[in-house]
Amino acid sequence: MKRWTLPIALYLFVVFVSGSVLGALGYRLYSPPTTKSNARLSPEEWRRQNIEEMRTKLNLTPDQLQKVNTIYDETHNRFEAAHNTHNQVVKQIREEHVGKIRALLTPEQLPKYEQLRAEREQRSKNQKK
């Protein structure tokens, strides 16, 4: 009876592995695609799709469509202004910070500090790419 245990064990192992592989392939084949895409739309493309969706689902009239476009333009301009103001405030805070650090350091430490800042800026630029 011991002669049959090894072939039976191998047969069960092959059946288990085959089922696992078939299940994984079936899941990949029949699972619905996710809604998250790696490709980001440009702001213009996003706006065009969003307005088109509103137009079709809400049955917007041409006058309403024009007003929606105007609202999008106004909102975009306000966001840009807020973004620019924010950037200016952040830049001013950063400059004050650097000035305070420079005032604290000795003349021997200043070149090392400037080198450290340059290295940090370079790392930051490399990470954004």
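Biologist: What is the relative accessible area of Ile8, and what does that make it?
Modeller: Ile8 has a relative accessible area of 47%, so it is partly exposed. Buried means under 20% relative accessible area, exposed means over 50%, and partly exposed is in between, with a 1.4 Å probe and protein chains only.

Biologist: Where does Ile8 lie?
Modeller: In helix H1. Helices here are DSSP runs of H or I with at least four residues, strands are E runs of at least two, and numbering goes from the N terminus.

Biologist: Before I go on, what kind of model is this?
Modeller: This is a predicted model, where local features need pLDDT of at least 70, side-chain atom pairs count only at pLDDT 80 or more, and totals for chains, interfaces and linings use all residues. Residues are numbered from 1 along each chain as its sequence is written, and side-chain values use heavy atoms, with hydrogens and water left out.

Biologist: And what's the average pLDDT of the protein chain?
Modeller: The average is 88, and 92% of the residues score at least 70. pLDDT is the predictor's confidence in each residue, from 0 to 100.

Biologist: Where is confidence lowest, and where is it highest?
Modeller: Lowest in H1, with a mean of 85, and highest in H3, at 94.

Biologist: Back to Ile8. How many Å is it from Val98 in space?
Modeller: They're 75 Å apart, C-alpha to C-alpha, and 90 residues apart in sequence.

Biologist: What about Tyr30 and Thr85?
Modeller: Those two are 55 residues apart in sequence and 49 Å apart in space, again C-alpha to C-alpha. Tyr30 is found in helix H1 and is exposed, at a relative accessible area of 70%.

Biologist: Which residues make the nonpolar surface patch?
Modeller: Phe13, Val14, Phe16, Val17, Val21 and Leu25, and the patch is about 600 Å². Patches are made of residues with over 30% relative accessible area and no salt bridge; like charges are joined within 9 Å, and nonpolar side chains (Val, Leu, Ile, Met, Phe, Trp, Tyr) within 5 Å. The areas come from the Shrake-Rupley method with a 1.4 Å probe, and for residues only the protein chains shown count as cover.

Biologist: Is Phe16 buried or exposed?
Modeller: Exposed, because its relative accessible area is 59%. Phe16 lies in helix H1, which covers residues 5–30.

Biologist: New topic. How many salt bridges does the count come to?
Modeller: Eight. A salt bridge is a side-chain nitrogen of Lys or Arg within 4 Å of a carboxyl oxygen of Asp or Glu.

Biologist: Which residue does Arg48 meet in a salt bridge?
Modeller: Glu45, with N to O at 2.7 Å. Arg48 and Glu45 are three residues apart in helix H2, so about one helical turn separates them. Arg48 is partly exposed at 47% relative accessibility, and Glu45 is partly exposed at 27%.

Biologist: And which one does Lys57 meet?
Modeller: Glu53, at 3.3 Å, N to O. Both lie in helix H2, four residues apart, about one turn of the helix. Lys57 is exposed at 63%, whereas Glu53 is partly exposed at 39%.

Biologist: How far apart are the closest N and O atoms of Glu114 and Arg102?
Modeller: 2.6 Å, and the two form a salt bridge. That pair links distant parts of the chain: Glu114 is in helix H4 (residues 109–128) and Arg102 in helix H3, twelve residues apart. Salt bridges that share partners join Arg102, Glu114, Arg117 and Glu121 into one network.

Biologist: How many aromatic pairs are there?
Modeller: The count comes to one. The rings of Trp46 and Tyr72 have centres 6.5 Å apart and planes at 55°, so the pair is tilted. Trp46 is in helix H2 (residues 43–58) and Tyr72 in helix H3 (residues 62–104), 26 residues apart, so to speak linking distant parts of the chain.

Biologist: What's the rule for that?
Modeller: Rings of Phe, Tyr and Trp (its six-membered ring) pair if their centres lie within 6.5 Å; planes under 30 degrees apart count as stacked, over 60 as edge-to-face and the rest as tilted.

Biologist: Last one: what phi does Asn59 take?
Modeller: A positive phi of about 50°, although Asn59 is not a glycine. Most residues other than glycine have a negative phi. Asn59 lies in the loop between H2 and H3 and is exposed, at 61%.
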